[in-house]
Amino acid sequence: FMTLTGENSKMNGELLTLASRVIYALSVNNFNTVFNRILSSLNLSTSELEDADCQISELELIQYLSMDLTRLSRLIYEGLKKNAYLALSNFLERAIWNWLENFPQEFDELQTKPNEELAERCERLFDMLTPLCSDSGRRKAQTWPLQVMLLVLCPNLLEDINNAENGAPIGASALRKKQFFDDMKRALASHNHSSAKPSLLEAAILATVNMCKSACYVNINDRSNALFSIVQRAKSGLRTPHADTEHLLTEFFVTCFRITPHNNEILKVCLNQQSPPIFHFVLVCSLHKIITQ
């Protein structure tokens with residue numbers, strides 16, 4: 001049902017939704033059985049798993065499982081253990097969002113009680129993904145959105161990065177992650193130059209929107225949270241009209257409204273008659289989403 005194609009896209013979409021709910025329901029009380037069945041897809045050769053275009057249909061089911069923090073940590077560990085992180089990268093990001101949406105209280109608790117084991121696994125996976133996309137904008141569009149979500153799960157690390165922005169000393173490992181955020185900001189700024197690579201800009205926009213959206217799950221009264229500070233710096237760079245970014249810019253607008261509802265800066269930009277038409281379209285879509293949700 002999840003791989004159906006054809007003219008009746010609406011019916012196929014409804015079947016996908018229903019099938020994903022079945023997977024979620026089955027995994028609530030039978031997680032090990034379902035999880036192990038899906039992970040059997042990873043019993044492939046190393047060369048197959050390292051193929052960037054490797055599409056393993058059963059791995060797609062991972063994003064629909066009932067995934068609490070313990071199970072999410074286990075999934076990341078399995079990806080590291082089986083050297084299957086690249087094959088999993090397309091679906092692991094969605095699994096993290098699945099966890100955030102279904103267990104927001106765990107993410108809130110993670111801010112005050114960081115999970116060292118989870119953070120260690122996230123940092124290892126982050127470091128393993130980094131060299132794979134060093135020279136490829138297309139690969140960065142695949143890995144950067146996941147990498148930023150891995151860092152979101154490491155509040156102590158984000159605190160170190162945020163403090164480094166204010167001149168505090170920083171370790172080598174944290175410095176590499178700080179450079180990742182710097183690369184994102186440079187990519188966002190590159191839209192003003194004719195030499196900018198669309199795939200690199202897309203990667204930066206996807207990652208920045210992910211980071212901003214994740215901040216919506218932090219207690220809004222916790223203004224000392226490092227994620228809020230990092231998001232505020234990143235937001236200033238995400239004002240680039242681009243043919244394929246209407247949906248992302250809408251997500252960005254809605255996120256900014258939820259984090260700082262009394263800040264009208266972005267609203268004024270979108271209302272300005274001299275702004276690109278895409279901003280006007282994004283404003284309408286964003287207001288509709290805010291109202292309907």
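Colleague: To begin with, how many helices and strands does the secondary structure of the chain come to? Then please settle on helix α1: which of its residues are buried, and what covers them?

Modeller: Happy to! The model is predicted, so local features need pLDDT of at least 70 and side-chain atom pairs count only at pLDDT 80 or more, while totals for chains, interfaces and linings use all residues. Residues are numbered from 1 along each chain as its sequence is written, and side-chain values use heavy atoms, leaving out hydrogens and water.

The chain has 15 helices and zero strands (DSSP runs numbered from the N terminus: H or I of at least four residues for helices, E of at least two for strands). Of its 293 residues, 47% are buried, meaning under 20% relative accessible area with a 1.4 Å probe and protein chains only, whereas exposed means over 50% and partly exposed lies in between. Among contacts (heavy atoms within 4.5 Å) between residues at least 6 apart in sequence, 69% link residues at least 24 apart.

Now to α1. Its 21 residues, 9-29, should span 30 Å at 1.5 Å a residue, and the end C-alpha atoms lie 32 Å apart, which agrees; the expected span is 1.5 Å times one less than the number of residues. Buried in α1 are Asn12, Ala19, Ser20, Ile23 and Ser27. Because they cover an arc of only 105 degrees around the axis, they sit on the same side of α1 (the arc is taken from the directions from the helix axis to the C-beta atoms). The cover over these buried residues includes α2 (31-39) and α4 (69-81). On the other side of α1, Lys10, Arg21 and Asn29 are exposed.
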